[in-house]
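Please walk me through this structure, one region at a time. I would like to know how the pieces are arranged and which residues meet.

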Amino acid sequence: MSEAGVKVFVVDDHPLVRSGVRSELEGRVDVVGTAGDVDEAVSGIAAACPDVVLVDVHMPGGGGAELIRRVLTAAAKADSGSAEPAPRFLALSVSDAAEDVIAVIRAGARGYLTKTVSGAELVEAISRVAAGDAVFSPRLAGFVLDAFAGTMPLPSDPELDQLTARERDVLRLIARGYAYKEVARRLNLSVKTVETHVSSVLRKLQLSSRHELTRWATERRLV
Amino acid sequence: MFVAGLTRRREGRWVAGVCSGLAAALGVQVGALRAVVVLLSLGSLPAVALLYALAWVFVPPEGEDGGAGSREPGGGLVIGGRPADVVDAVGVLAIVCGAVLLLGQFTAWLPPEVVVPALLATAGAGVAWGWGGRRERLRPLFVAIGVSLVFIGGFATLAALGDLSSIGRSAAGAAVLIAGAVLLFGPWMARLAHNLTDERRQRIRSEERAEVAAHLHDGVLQTLALIQKRAADDKAVRSLARRQERELRSWLYGGSNGQADATVATLLRRELDDLEDHYAVRFDAVLVGDAPLDDAGRALVAAGREAALNAARHAGVDTVDVYLEVEPDRVSLFVRDRGCGFEPGAVPPDRRGVADSISARVRRHGGTAEVRSAPGEGAEVELSMPRSIVKVEERPR
């Protein structure tokens, strides 16, 4: 999928951020619409059929997690016979509260970036998400490492409740500020393999019933 | 509120939730506690019943403590669900009736002519404050029924005691009336006290909110004014904005408000903030885990500060990644930039010295330091320190 062909929808309750993101993406991806709250976004997304939705974590009307849930359930209902696949979501936020971040990811976002990200990085992340991969910023990688830290005496589902040593290595490098390409070079892996590891971590994050994850996320409100 | 943390629980209760609430507060099995209560009742049911009734009145139900939002909506008739208020009322009646009956049984001088009216009176009180207190529309009706029952019971008791001397009679009459009044108004006053504390809590909360808003607005507005004034000075604007951002974050997300300054993560955060104030660099710090600060931790953070300072001065970039991870057996710190880089074998003397001071600091405490760099490829400093006391991590956040 070429970058210019990716249709992007921007959801943020601050007009300033919307226009800023739009101007940063101009010419590199196709911004098909913007919205300022959840209701507006649901109808806008249904009309514009974007590939990727950039979504703010905090918004009036339920926030990013609520928006993702609504769009995905609507898409699941209309799935039979519909040609348009559900859009993919990328959370873009200034929020650093772990519980907010984990909540959007668990609602179905494919990644999380802080708003300090550069335009080029944002475009790369968008095409990555459009291709179905996961996008982990250093901060998200840190959150995940923290959430999955420690050994549970009896994980209820070892497949989902624990990270493999390799996944941990990959996340550590991402947390240290390495791009996927650099992670691959450092660990002698292909970029594809790194992407696979990251996607599997994302899956664990979304599906793990590990009660520690929720407790951790609510306990930890960090800078 | 009367006893810290003690509430009556709605879930898993038998009567009013006193036992399950007490069990939760004491951290014991509710079954065991109930068994003890039943045993005690065998000894003296009236005493236990009285205590239970008192606990019922004075221990707030679960949820009331959490503020207005968590209270049962309306508290009205629940059709199809559990009619909680009816259970409350029936429960109170059953307990008080049982207590009076048993009292009558054990004390022979109390004739049935006294017991029956007393029952009637307590039933009236039960109706009056079991139901009347909760349902706005029906309150007058229930209070009326309750009051008349109490008075009928009172007069019947007086009539039954009619053979006593007139002094005894009036004393008994007064006692009965006072008892009735206490039964009627006691719970109401207790509830009033609850409402007052609720109100006070709300007021404190809104005052707190106003204070936070004032602080934030002060800081943010001030910074914005400064930024407008110094709009031409790129560097100053950036550092002003960054400083304000940090302050806001520490307000919003808690953290280093002075109380938790004795950890590795908070010390590192402070050192980085300090560097940010002096250099036009942003440190993207990811901190995983935390540990109390010891000498080794202090040395690690000091070395990390040198590395960060190095990156800020020489790399020629505006963001530097910092990663701290506390594991049970070691603490690792990485400082990475994507700047100009250098040849580690052929560093200029001034940087050689810094590298030495970084690694010497860490090695003194049994740690390791490694510098990876190549011209044009940025640089990364890796510091690792074994933890002296290996213990299960309890994050002090």
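The paragraphs below take up a sheet, a pair of helices and a single residue.

This is a predicted model, in which local features need pLDDT of at least 70 and side-chain atom pairs count only at pLDDT 80 or more, while totals for chains, interfaces and linings use all residues; side-chain values use heavy atoms, with hydrogens and water left out. Residues are numbered from 1 along each chain as its sequence is written, and chains are lettered from A and ligands numbered from 1 in the order in which they are written.

In chain A, six strands form an open sheet with parallel pairing, in the order β2-β1-β3-β4-β5-β6. The edge strands of chain A are β2 and β6 (135–136), each pairing on one side only. Helices (H or I, at least four residues) and strands (E, at least two) are DSSP runs, numbered from the N terminus, and two strands pair if DSSP finds at least two bridges between them. Strands of a sheet pair through backbone hydrogen bonds, either parallel or antiparallel.

Strand β1(A), residues 7–11, has four of its five residues buried (under 20% relative accessible area; exposed is over 50%, partly exposed in between, with a 1.4 Å probe and protein chains only). Five bridges pair β1(A) with β2(A), residues 30–35, in the parallel sense, and Phe9(A) has Gly33(A) as its bridge partner in β2(A).

Elsewhere in chain A, the axes of α9(A) (residues 180–187) and α10(A) (residues 191–207) come within 8 Å and cross at roughly 110°. Axes are lines fitted to C-alpha atoms, for helices over the stretch in contact, and angles run from 0 to 180 degrees between N-to-C directions. The two helices, α9(A) and α10(A), are therefore roughly perpendicular (65 to 115 degrees). Tyr180(A), Lys181(A), Val183(A) and Ala184(A) of α9(A) meet Val191(A), Val194(A), Glu195(A) and Val198(A) of α10(A), where contact means heavy atoms within 4.5 Å.

In chain B, Ser384(B) is found in strand β5, residues 379–386. Is Ser384(B) buried or exposed? Ser384(B) is buried, at a relative accessible area of 13%. Leaving aside residues up to four places away in sequence, Ser384(B) touches residues including Leu300(B), Arg330(B) and Val362(B).

Terms used
Angles under 35 degrees count as roughly parallel, over 145 as roughly antiparallel, 65 to 115 as roughly perpendicular and the rest as oblique.
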